[in-house]
Amino acid sequence: MEQTLRAAHALFAERGYGPVTMDEVAAAVGVTKPLLYNYFGNKERLYLACMEPAGDALLAAVVGAVEQTSTPQEALRAGIDAFFGFVDQDRSSWRVLFDETLPSESGIARRVGEYRSRITELVARALLAQPSVSSSVHVEALSVALLGAAEALVRWWLRTEALSASETARLLVATVEPGLALPAGARAKRPPARPPARTGEPRAGRGDGAGRGDGAGRGDGAGRGDGAGSGDGAGRGDGAGSGPE
């Protein structure tokens, strides 16, 4: 049984669920196809027998890492590190668990969805513990987005190996962590800036067209007011005063 699972696991990881046949698995193990069907029933059940240990191992790695932390920020970083560390140590299990050739309406796809949901719940718990995140709708959306980003980044990393697993994990953390500091609606708004005062702009004094008011002081064609001194057209005003005309 273990030999059969190892052989099938290797074939599924290398080629994906779709292309592999029960004939190939039987030939790799050295048994007859009827005996293989007798053990597992069909290819879907054989695949589940290969996939479920991989899913359980991934969950154990992420949960174990998160449980060792004491803050939401640490939990998020540890979970992402564990996710990438698992893939780095067991790439074939990752390929079996997140096989893109799986039929979308199959029991396998539903089982994979359950593992994704459990990982998403772990992420959601870490996000809900953030003091700035309070909306369950936002948490659900962010959790799904974060898991999707992690999966996409793993595929890129496996294809290119341009970075190490830990460097790739840190890149994801550095990208998403600032956006979790404050929800969009809670960011502080700056008050509108006041326009600067224009140089030489007249200032109002004690009145408009009187006293020491608008555009007048002791000069510029007036006494102490605009065309007026202490009254309208009288006193020290109307073209006279202490200043040059």
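Are Phe-83 and Phe-98 buried or exposed? I looked up both, and Phe-83 and Phe-98 are buried (buried means under 20% relative accessible area, exposed over 50%, and partly exposed in between, with a 1.4 Å probe and protein chains only).

**Entry 1: ground rules**

I note that this is a predicted model, in which local features need pLDDT of at least 70 and side-chain atom pairs count only at pLDDT 80 or more, while totals for chains, interfaces and linings use all residues. Residues are numbered from 1 along each chain as its sequence is written, and side-chain values use heavy atoms, with hydrogens and water left out.

**Entry 2: aromatic rings**

I searched the whole structure for aromatic pairs and found eight. Rings of Phe, Tyr and Trp (its six-membered ring) pair if their centres lie within 6.5 Å; planes under 30 degrees apart count as stacked, over 60 as edge-to-face and the rest as tilted.

I took Phe-83 and Phe-84 to begin with. Their ring centres are 6.1 Å apart and their planes stand at 70°, so this pair is edge-to-face. Phe-83 has a relative accessible area of 4% and is buried. Phe-84 is buried as well, at 1% relative accessibility.

I then went back to Phe-83 and Phe-98. Here the ring centres lie 6.4 Å apart with the planes at 65°, so this pair is edge-to-face too. The pair links distant parts of the chain, 15 residues apart: Phe-83 sits in helix α5 (residues 72–89) and Phe-98 in the loop between α6 and α7. For the naming, helices (H or I, at least four residues) and strands (E, at least two) are DSSP runs, numbered from the N terminus.

Which residues form one aromatic cluster with Phe-83? I list Phe-84, Trp-94 and Phe-98 alongside Phe-83.

**Entry 3: Glu-151**

I looked up Glu-151 next, which lies in helix α8. Glu-151 is buried, with a relative accessible area of 10%. I left aside its neighbours within four places in sequence; Glu-151 is then in contact with Phe-83, Trp-94, Phe-98 and Arg-116 (contact means heavy atoms within 4.5 Å). Three of these names, Phe-83, Trp-94 and Phe-98, are also on my list for the aromatic cluster.

**Entry 4: salt bridges**

How many salt bridges does the structure hold? I note eight, where a salt bridge is a side-chain nitrogen of Lys or Arg within 4 Å of a carboxyl oxygen of Asp or Glu. I wrote up three of them, as follows.

Arg-116 and Glu-151 meet through their side chains in a salt bridge at 2.8 Å, N to O. Arg-116 is in helix α7 and Glu-151 in helix α8, so this pair ties together parts that are 35 residues apart in sequence. Arg-116 is partly exposed at a relative accessible area of 28%, whereas Glu-151 is buried at 10%.

Arg-111 and Glu-52 form a salt bridge between their side chains, at 3.0 Å, N to O. Arg-111 belongs to helix α7 (residues 107–128) and Glu-52 to helix α4, so the pair ties together parts 59 residues apart in sequence. Arg-111 is partly exposed, with a relative accessible area of 22%, and Glu-52 is partly exposed, with 28%. I also found Glu-52 and Arg-111 linked with Glu-114 in a network of salt bridges.

Glu-161 and Arg-91 meet in a salt bridge of their side chains at 2.8 Å, N to O. They are 70 residues apart, with Glu-161 in the loop between α8 (136–160) and α9 (165–176) and Arg-91 in helix α6 (residues 91–97). Glu-161 is partly exposed at 46% relative accessible area. Arg-91 is partly exposed at 24%.

**Entry 5: helices α1 and α4**

At what angle do α1 and α4 pack? I read about 95° between helix α1 (residues 2–15) and helix α4 (residues 43–67), with their axes 9 Å apart. That makes α1 roughly perpendicular to α4. Axes are lines fitted to C-alpha atoms, for helices over the stretch in contact, and angles run from 0 to 180 degrees between N-to-C directions. Angles under 35 degrees count as roughly parallel, over 145 as roughly antiparallel, 65 to 115 as roughly perpendicular and the rest as oblique.

On the α1 side I list Leu-5, Ala-8, His-9 and Phe-12, which meet Lys-43, Leu-46, Tyr-47, Ala-49 and Cys-50 in α4. By class, this contact has seven nonpolar, one polar and one charged residues. Ala, Val, Leu, Ile, Met, Phe, Trp, Tyr, Cys and Pro count as nonpolar, Asp, Glu, Lys and Arg as charged, and the others, Gly among them, as polar.

**Entry 6: Ser-106**

Ser-106 counts as buried at 7% relative accessibility. Ser-106 and Glu-44 are 62 residues apart in sequence and 8.3 Å apart in space, C-alpha to C-alpha.
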